[in-house]
Amino acid sequence: MNWQAIRAIYVFEMARFFRTLLQSFVSPVISTSLYFVVFGAAIGSRIDQVEGVSYGAFIVPGLIMLSVMTQAISNASFGIYFPKFIGTIYELLSAPVNFLEIVLGYVGAAATKALFIGIVILGTSALFVDLTIQHPIAMLVFLVLTCLSFALFGFIIGIWAGNFEQLQLIPLLIVTPLVFLGGSFYSISMLPPVWQTISFFNPVVYLVSGFRWSFFGLADVPIGLSLLAIGGFTMLCLAIIWWIFKTGWRIRQ
Amino acid sequence: MSMVQISNVRKAYAGGFEALKGASLDIHEGEILALLGPNGAGKTTLISTICGITQPTSGTITVGGHDVVTDYRGARSLVGLVPQEINLEPFERVINTVRFSRGLFGKPKDNALLERILRQLSLWDKRDNRIMELSGGMKRRVLIAKALAHEPRVLFLDEPTAGVDVELRRDMWDIVAGLKEAGVTIILTTHYIEEAEAIADRIGVINKGEILLVEEKTALMTRLGQKELRIELHEPAAELPASLADRGLRIEEGGQVLVYTYDTGQDRTGIATLIREISEAGLVLRDLQTRQNSLEDIFVGLVSKQEDAA
């Protein structure tokens with residue numbers, strides 16, 4: 001293992017994060033606060049408790065997931081797309097590194113940023129609502145795994161994308177709808193039966209459900225299934241990335 | 001000892017275009033090899049294939065005995081690459097991007113070495129500047145600093161002086177000479193022939209994906225180099241005297257100058273006989289001048305010969 005290389009990539013990527021700290025840090029805080037004002041205070045006051053949890057608190061896990069997923073994807077996809085775009089990828093391709101080291105560096109950094117933002121949102125939420133975390137270790141595991149798997153997914157998007165538009169395409173057209181319809185702001189059991197069935201095909205449902213369970217002990221799907229879903233998604237992304245580097249698809253002619 | 005061995009390398013792109021058609025080349029340790037060729041000759045493809053940016057379709061390449069495909073770690077850790085395009089992250093600071101390169105190649109932190117490299121390239125004062133604040137020439141130096149940061153044994157410079165001013169070109173040549181002294185093997189591509197002439201030990205000519213020739217610069221120039229003898233006369237000769245008609249002389253400058261072309265590789269150049277015959281014909285010499293053909297003439301000759309053959 002070329003640990004120096006992993007470290008170099010990681011440090012370089014984190015430096016980009018700290019350079020844009022305002023945008024990385026302040027924007028999730030502001031948007032979370034806005035969600036609380038709209039959903040928590042304005043609308044939430046008219047909604048009864050959801051399965052014994054106040055609506056304001058109920059949406060916290062979903063809000064964190066929403067930001068963490070989109071941040072992990074955008075950081076990782078940009079991290080690898082930008083060198084392709086400006087041509088500095090040549091150095092990565094000519095360096096004595098293998099795919100695992102490149103992935104660990106870029107995805108590790110993107111996941112760290114997403115994790116950081118997730119924690120910031122959690123902290124911001126605690127200012128608005130009373131939060132209890134019943135299973136803190138499970139919460140952390142879900143959070144870290146989500147950061148990692150979506151950073152892996154973002155890495156794939158970044159390699160696939162041929163321009164900035166494509167870079168935004170999948171997050172905008174697929175990920176955001178899946179997250180919104182994945183029970184971030186409601187319990188699946190609140191839906192009519194048909195939509196409940198459809199929802200179970202949405203992978204994000206399993207993540208949000210598992211993550212919410214770690215807070216309140218409430219879940220739409222069994223916790224084991226949630227873990228299986230996130231584990232399976234991580235493995236799938238890893239397999240795709242392994243194939244990308246093996247064939248050189250979109251990076252090495 | 002050969003540092004880089006390229007044998008029978010072919011590279012065909014997905015569209016079917018064959019950028020390299022069975023190139024073979026041995027690069028000796030510690031030499032400066034200049035690869036000359038027109039645009040699209042395959043220079044960059046050859047370098048990219050050695051460095052791992054593209055994969056060869058067939059054939060093998062080793063660097064320091066390490067195969068670039070099967071033992072890419074061994075091969076690549078010996079190689080530094082200065083690309084033709086200025087590929088740098090505009091918002092990054094000079095020192096960070098150089099430090100990144102060193103780490104990427106698996107080398108531990110060495111601030112003293114980085115300082116030495118940056119000083120040598122007159123970049124030390126700019127180390128905390130963002131890349132986008134630098135001039136084009138400075139950016140090119142940053143690319144070199146990045147390649148040197150991991151102490152390569154072999155350095156590839158892909159058209160290092162394309163579009164740089166005369167002063168920077170001289171600096172670049174000095175840097176290359178300094179690296180050679182330190183034992184680094186250097187391969188540079190260029191289409192400036194005077195550059196190859198000025199700094200290379202050996203010269204390779206590449207065109208249309210084939211390496212047409214690789215030779216010691218001096219040997220190449222003597223072997224293929226034709227010389228011209230220019231004979232200036234006291235009185236202009238309107239036409240050649242009959243006795244000199246079959247000597248292949250050319251009249252220039254209204255009969256003031258006679259030009260004789262000869263091959264320096266031959267045992268007898270025929271100069272002595274020619275001079276005697278000229279004076280026997282009653283012409284009075286005022287001055288003599290010889291001129292060696294430049295590499296450019298050789299190069300143009302080779303490339304056009306290949307085109308004729310095709």
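1. By class, the largest pocket is lined by ten nonpolar, twelve polar and five charged residues. Here Ala, Val, Leu, Ile, Met, Phe, Trp, Tyr, Cys and Pro count as nonpolar, Asp, Glu, Lys and Arg as charged, and the others, Gly among them, as polar. A pocket is an open set of points on a 1 Å grid over the protein atoms alone, with protein on both sides within 12 Å along at least five of seven lines; lining residues have an atom within 4 Å of a point.

2. The model is predicted: local features need pLDDT of at least 70, side-chain atom pairs count only at pLDDT 80 or more, and totals for chains, interfaces and linings use all residues. Residues are numbered from 1 along each chain as its sequence is written, chains are lettered from A and ligands numbered from 1 in the order in which they are written, and side-chain values use heavy atoms, with hydrogens and water left out.

3. The largest pocket has a volume of about 690 Å³. Volume means the space filled by probe spheres set on the grid points, which are joined across faces, edges and corners. Its lining holds 27 residues; A:Gln23, A:Gln71, A:Ser74, A:Asn75 and A:Phe78 lie nearest the centre. Five helices of chain A each supply at least two lining residues: H1 (3-19), H2 (21-43), H3 (55-86), H5 (99-128) and H7 (164-180). H3(A) has the largest share, nine residues. Helices (H or I, at least four residues) and strands (E, at least two) are DSSP runs, numbered from the N terminus.

4. The second largest pocket has a volume of about 500 Å³. Of its 23 lining residues, A:Phe245, A:Lys246, A:Arg252, B:Gln55 and B:Arg76 are closest to the centre. At least two residues each come from H4 (89-93), H5 and H10 (223-247) of chain A and from H2 (72-76) of chain B. H10(A) gives the most, with four residues. The lining divides into twelve nonpolar, eight polar and three charged residues.

5. There are four cavities of 30 Å³ or more. A cavity is a set of grid points where a 1.4 Å probe fits but cannot get out. The largest cavity has a volume of about 130 Å³. It is lined by 14 residues, with A:Phe12, A:Thr88, A:Glu91, B:Glu89 and B:Phe100 nearest its centre. H1 and H4 of chain A and H3 (94-104) of chain B each supply at least two of the lining residues. The classes are seven nonpolar, two polar and five charged.

6. The second largest cavity holds about 70 Å³ of space. Its lining includes A:Tyr90, A:Glu91 and A:Ser94, together with B:Cys51, B:Lys146 and B:His150. Two or more residues come from each of H4 of chain A, strand S6 (79-82) of chain B and helix H5 (136-148) of chain B. S6(B) has the largest share, three residues. Six lining residues are nonpolar, three polar and two charged.

7. Helices H6 (136-160) and H9 (203-216) of chain A pack at about 155 degrees, with axes 8 Å apart. H6(A) is therefore roughly antiparallel to H9(A), the term for angles over 145 degrees. Axes are lines fitted to C-alpha atoms over the stretch in contact, and angles run from 0 to 180 degrees between N-to-C directions. Residues in contact (heavy atoms within 4.5 Å) include A:Phe142 and A:Phe150 in H6(A), and A:Phe211 and A:Trp213 in H9(A). The contact residues divide into nine nonpolar, three polar and no charged.

Notes. Parallel < 35°, antiparallel > 145°, perpendicular 65-115°, else oblique.
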